[in-house]
Amino acid sequence: MIRTADAVVVGAGALGASAAYHLARLGARVVLLDRAAPGSQTSPRAAGLTSQVRATVALTTLARRAVAKLAAFTEETGQPLRFTQSGALKIARTERDAAQLAREVRLGREAGVEIDFVSVAEARRRLPILHDRSIAAITWSPHDCNVEPSELPVGYCRAAEKLGAVVLAHTPVTGFRLGGEGVEAVLTGSGEIATRVVVDAAGAWSRIVAELLGTPLPVVPTRHQLLITEPIAGVTPDFPIARVIDANVYLRHERGGLMLGGYEPDPVQYDMRALPPSFEIADLPLDIGVLWSLARRVAEQFPIFQDPSLRIAEHRGGLPTMSADDRYIAGPLPGVTGAWVLSGCCVGGLSIAPALGEALARWIVEGAPGLDLAEISPARFAGAGISESELRERCRHAYATHYRTEA
């Protein structure tokens, strides 16, 4: 058991593994801990798709950096990553959503993202399974991409180890030793690791880790599901990602078939403290009925999902953490010197992990993140004092309206 480190990262999903790799790349002696096997929980159950145009210029810049790093992942780390830059269509079925798309085009151009409106005919040329019923407007973003989600955290773990990081599987954190100057050590069942820096990237368990540090973390683990069909004739990796705003539904190609997922109005939320210590995401109860309900919402545009001959190859789900404002939480934890957090993935943590892990590592080692992270700082929740019921309702609303942006 290693006894000292410059930094200890708790959680070896995409966010934690990225932080560990980038810390090691900057010369830090890093220990990466996980209560289970690295990269085995929510990350490999993600959809693995990106969206570069976000609610603000700063968040869009962050997403652009993430896509650039995904494209260069294998060259940078030496690890495999299936990367497909198929582009993305975003579909508005109402005039309200068409106005949202107009705002996104303006913001994207301001932030340097190639994005524009396309005709329904052009969208159908790119995505032949799209039907032209009840569509008000469509945008096309050619540089959005998708990846194989299981390869990202494992790749970062392996690359971090090659840089000297120590990855400890099945090593849950039991507590922290805090002193007058902040973090002094991380406590585990196998012993104590002296360190002055800890990164809470524990995914669904990140709130528990923050509580062990004596700091509240306003996130709620929320079940998210998707399905993948058996191969379908004519479906190719060239098929772009498609999203339907008001239905909160996305789809893309996967393994010769189609992936469909989305955001139901009343998602199942979890309190990880109420689950047994042996719980893993593989034990999460799933409900395929939720996905068929989402498929019915887009039946006019994608009638293929109503085909009775369609067969499901995989049904999976995870527990991403939602925040009250549907934005990431990244930065120093208020009140505990040396404590940092990467959480609030809001169902987009895997695709943003390369940029967030890099920025946090630079912030820890160099004193500044290199990107504007002010909008996702944990400090924005300091003193908010919202009740547990209000937090859960805000996170539910954030999930249920994930594709909406404010006018």
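This is a predicted model: local features need pLDDT of at least 70, side-chain atom pairs count only at pLDDT 80 or more; totals for chains, interfaces and linings use all residues.
View 1. Strand β15 spans residues 241-244 and is covered on both faces. I241 and R243 are on one side, A242 and V244 on the other, and all of these are buried. In a regular strand, side chains alternate between the two faces of the sheet.

View 2. On the β15 side, β4 runs parallel to β15, and four bridges join the two strands. L89 has A242 of β15 as its bridge partner. A242 is one of the buried residues of β15. With β6 (residues 137-141), strand β4 (residues 88-92) pairs in the antiparallel sense, over five bridges. Here I91 stands opposite I138 of β6. Strands of a sheet pair through backbone hydrogen bonds, in either a parallel or an antiparallel sense.

**View 3. The eight-stranded open sheet.** Which strands form the sheet, and in what order? The order is β5-β6-β4-β15-β16-β17-β14-β18, the sheet is open, and its pairing is mixed. The edges are formed by β5 (116-118) and β18 (312-318), each of which pairs on one side only. Between neighbouring strands of this sheet the average turn is 25°, with direction ignored. The mixed pairing can be seen around β4, where the contact with β15 is parallel and the contact with β6 is antiparallel.

**View 4. The three-stranded open sheet β9-β10-β11.** Three strands, in the order β9-β10-β11, form an open sheet with antiparallel pairing. The edge strands are β9 (173-179) and β11 (191-194), each pairing on one side only. Neighbouring strands of this sheet are turned against each other by 25° on average, direction ignored. Six bridges connect β9 with strand β10 (residues 182-188) in the antiparallel sense. F176 is placed opposite V186 of β10.

**View 5. Strand β1 and its parallel partner β2.** Strand β1 (residues 7-10) pairs with β2 (residues 30-33) in the parallel sense, over four bridges. V8 has V31 of β2 as its bridge partner. In β1, A7 and V9 point one way, whereas V8 and V10 point the other way. These residues of β1 are all buried.

**View 6. The crossing of helices α2 and α9.** Helix α2 (residues 57-71) and helix α9 (residues 349-366) have axes that come within 7 Å and cross at roughly 105°. The two helices are therefore roughly perpendicular to each other. By class, their contact holds eight nonpolar, one polar and three charged residues. The residues on the α2 side are L62, A63, R65, A66, K69 and L70. They meet S351, I352, P354, A355, L356 and E358 of α9.

View 7. F73 is found in helix α3 (residues 73-77). Is F73 buried or exposed? F73 is buried, with a relative accessible area of 1%, because the cut-off for buried is under 20%. Not counting residues up to four places away in sequence, F73 touches G78, Q79, P80, L81, L152, G155 and Y156. F73 and R54 are 19 residues apart along the chain, and their C-alpha atoms are separated by 22 Å.

**View 8. The tyrosine cluster around Y263 and Y403.** Y250, Y263, Y399 and Y403 are linked into a cluster by ring pairs. The count of aromatic pairs comes to seven. The ring centres of Y263 and Y403 are 5.4 Å apart and the ring planes are at 70°, so this pair is edge-to-face. Y263 lies in the loop between β17 (257-262) and α8 (288-297), and Y403 in the segment after α10 (388-400), so the pair ties together parts that are 140 residues apart in sequence. Both Y263 and Y403 are buried.

Note on methods: Residues are numbered from 1 along each chain as its sequence is written. Side-chain values use heavy atoms; hydrogens and water are left out. Axes are lines fitted to C-alpha atoms, for helices over the stretch in contact, and angles run from 0 to 180 degrees between N-to-C directions. Angles under 35 degrees count as roughly parallel, over 145 as roughly antiparallel, 65 to 115 as roughly perpendicular and the rest as oblique. Contact means heavy atoms within 4.5 Å. Ala, Val, Leu, Ile, Met, Phe, Trp, Tyr, Cys and Pro count as nonpolar, Asp, Glu, Lys and Arg as charged, and the others, Gly among them, as polar. Rings of Phe, Tyr and Trp (its six-membered ring) pair if their centres lie within 6.5 Å; planes under 30 degrees apart count as stacked, over 60 as edge-to-face and the rest as tilted. Buried means under 20% relative accessible area, exposed over 50%, partly exposed in between (1.4 Å probe, protein chains only). Two strands pair if DSSP finds at least two bridges between them.
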